[in-house]
Amino acid sequence: MTGYVLGRLFAAVPVLLAVAVFVFLLLSLVPGDPAALIAGDFASPQQVEAVRQALGLDQPLLQRFLSWMGRMLRGDFGLSLFSRIPVSQLIAQRIEPTLILSLMTIVIAVLFAVPLGLVAAYRPKGVVARVTMAGAVLGFSVPVFVVAFALVYTLALGLRWFPVQGYKPLSQGAWAALHSLVLPAISLSFLYIALIARVTRAAVLEVLREDYVRTAHAKGLANRKIVSRHVLSNAAVPIITVIGIGFAALLGGVVVTETVFSIPGLGRLTADSILRRDYPVVQALILLFAGVYVVVNLAVDILYAVFDPRIRY
Amino acid sequence: MNLPLLSVENLSVSLDAGAASVPLVRNVSFSIDRGETLCLVGESGCGKSLTALAIIGLLNREVMQVSSGRILFEGRDLISLGAGEMRRLRGDRIAIVFQEPMTSLNPVQRIGRQIAEVIVEHRGVSEADALKQVLRLLDLVRIPDAARRAQEFPHQLSGGMRQRVMIAMALALQPALLIADEPTTALDVTIQAQVLTLIDDLRREFDTSVLLITHDLGVVAEMADRVVVLYAGSVAEQADVDDLFDRPVHPYTRGLLGAIRQLNSGSRDRLAEIPGNVPNPVSLDAGCAFRKRCASAMPICHSERPPLQGDGLHRSACWLAKVGEEVMA
Ligand SMILES: Nc1ncnc2c1ncn2[C@@H]1O[C@H](COP(=O)(O)OP(=O)(O)OP(=O)(O)O)[C@@H](O)[C@H]1O
Ligand SMILES: [Mg+2]
């Protein structure tokens, strides 16, 4: 098992390296003079030259790459061109709401989707199956801001159970933070419920056809025990995969939700930085998201091995 | 009272194919006494597995159903038994070894736990106690190094070993009836003999009744007390084993026996010697299902299905037998 995990870790290194090269070239090879670009539209030639030297842009490409990588590895992502705050600090401020929102969304989604997918697989012609599958189509096709506005209108403006928008940081208490993110998490979760329920249903349907499920029936086990001991563990791999991918995608892709609910998270930081051409921030964010994908993938790989001994040995 | 342990009466199983219903097992009747081995033989697709699955209540309900008949086990009709009661019998009083040893074990669970599960379920003992019994069972089915094997996963075992695990699981609670569906076809020849010997030893030790399904008349000669020959879902002939080998009536049985005799003289092609194929169950008409492959087919064979007849011990479904009777009368 340790060997397997180390192997997966090493396999991640080239991926991260490739992303790093890409991110580096993105800035070095944009058409035009990067120093002029960074210095801004109104900079004097002296200022541009100063930026060039400060960023080491007058040195050969490989050397620049190596020193840039060195700084990245030390966690020095430079200063934001817009706010002049260190990029690492900027990201640290913004990561908390996004992380909590993503976790909440995925937990809500799993709690609903897995049982729904299971029932839909067990009773393919039943009411739950029909409603779930029709609902899944809706979940895929209704944009998240529509769900968000509907929820705000009813639960926030109507019933006043939740705030309309905004985020209360963890420093004001865990409950306050969670409470402020309930509506955004619910609106985001619809898509993921749809996704995970469909995958669960398909995976379970496949397992139910297996001979070892018939063996479990031949032992005289009740359906509930067969599901918990034989079906779910065998259907786990695709379900875990889609949960993992979903989680990684959430961390980097909650722009719309964060905007609708005005949550100061990574999604909005990403959108703002791109619009402001704040390249150091964009670079750091791309690296961060790539890192998240790698870590989530690693976690998924490890879970595969936990569930399936054929991978472990 | 001398009731048979299992008595199958006029069992029919049909496939729901859309609006139509295709009979796959028709009017099959036989009974098994305690400690007796009954062999169900016939070519591939003749309904052997479906008969077995109907008895243990594991037909795929979405497409298959028992359309008529009774299955009396220890005096109770299994077909009208409630799901819960049937579940209490399965694994405990009636156990089955499936045809597919490679895929019948859960790939992500240790085999010790898989066997223990059936003991825990029916006896309510702790898993630790059940695992101790598992070690004895693994010894019983001659799996060496039981303690280590119990910790392994199915993919670490050969096909023969997996089939032994299935047998251990089936015998865990000393069932009154063991159904073994071609328990050796997936295994190589030396292992086949070992597994069969094992089943026979265990039958003797626990007075278990065995319903053994096989293609192989060599196996029948070794193991059976009684034989039921199925053809296209119906009983072609049934008799005590010696009687069947000495005085086969149905041309299909004779064909099978001819095949085994050739086999003994060296060619290893099993049942392929009977020319032609089993007819598709959908295309069966009013005539005898075997007539297209039968050298002695008569006009009546095309128009009417022969009834199963004979004395209580030896019965066959062939117009030849009828003609023979009338000639003798
Ligand atoms: N799930 C199913 N759906 C449709 N037809 C089926 C199904 N299961 C079995 N059949 C058909 O029922 C008939 C009898 O099948 P069965 O499995 O009982 O044969 P068998 O005698 O056990 O054959 P084998 O020796 O190959 O195991 C075959 O024609 C088969 O095609
Ligand atoms: Mg079969």
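**Sheet, ligand shell and chain contact**

A17(B) stands opposite A20(B) in β2(B). The model is predicted: local features need pLDDT of at least 70, side-chain atom pairs count only at pLDDT 80 or more, and totals for chains, interfaces and linings use all residues. Residues are numbered from 1 along each chain as its sequence is written, chains are lettered from A and ligands numbered from 1 in the order in which they are written, and side-chain values use heavy atoms, with hydrogens and water left out.

β1(B) and β2(B) run antiparallel and are joined by nine bridges. Strands (E, at least two residues) and helices (H or I, at least four) are DSSP runs numbered from the N terminus; two strands pair if DSSP finds at least two bridges between them. Strand β1 (residues 6–17) of chain B also pairs with strand β4 (residues 64–73) of chain B, antiparallel, over eight bridges. Here L15(B) stands opposite M64(B) in β4(B). Two antiparallel bridges link β4(B) to strand β5 (residues 76–77) of chain B. L72(B) stands opposite D77(B) in β5(B). β4(B) and β5(B) form a hairpin with two residues between them. In its turn, E74(B) has a positive phi of about 45°.

The four strands form an open antiparallel sheet in chain B, in the order β2-β1-β4-β5. β2 (20–32) and β5 of chain B each have a single partner strand, so one side of each is left without a neighbour in the sheet.

The shell around ligand 1 holds 14 residues, of which S44(B), G45(B), S49(B), Q99(B) and E182(B) come nearest. A residue is near if one of its heavy atoms lies within 4 Å. Helix α1 (residues 48–56) of chain B gives the most to this shell, with three residues. By class, the shell has six nonpolar, six polar and two charged residues. Nonpolar covers Ala, Val, Leu, Ile, Met, Phe, Trp, Tyr, Cys and Pro; charged covers Asp, Glu, Lys and Arg; the others, Gly among them, are polar.

Oxygen atoms of ligand 1 lie 2.7 Å from a polar side-chain atom of S49(B) and 2.8 Å from one of E182(B). A backbone N or O atom of L50(B) lies 2.9 Å from a ligand 1 oxygen atom. Taken alone, ligand 1 exposes 640 Å² (Shrake-Rupley method, 1.4 Å probe). The protein buries 67% of that.

Chain B gives 26 residues and chain A 21 residues to their contact (heavy atoms within 4.5 Å).

Technical notes
Polar contact = N/O pair within 3.5 Å; in protein donor to acceptor, adjacent residues only side chain to side chain.
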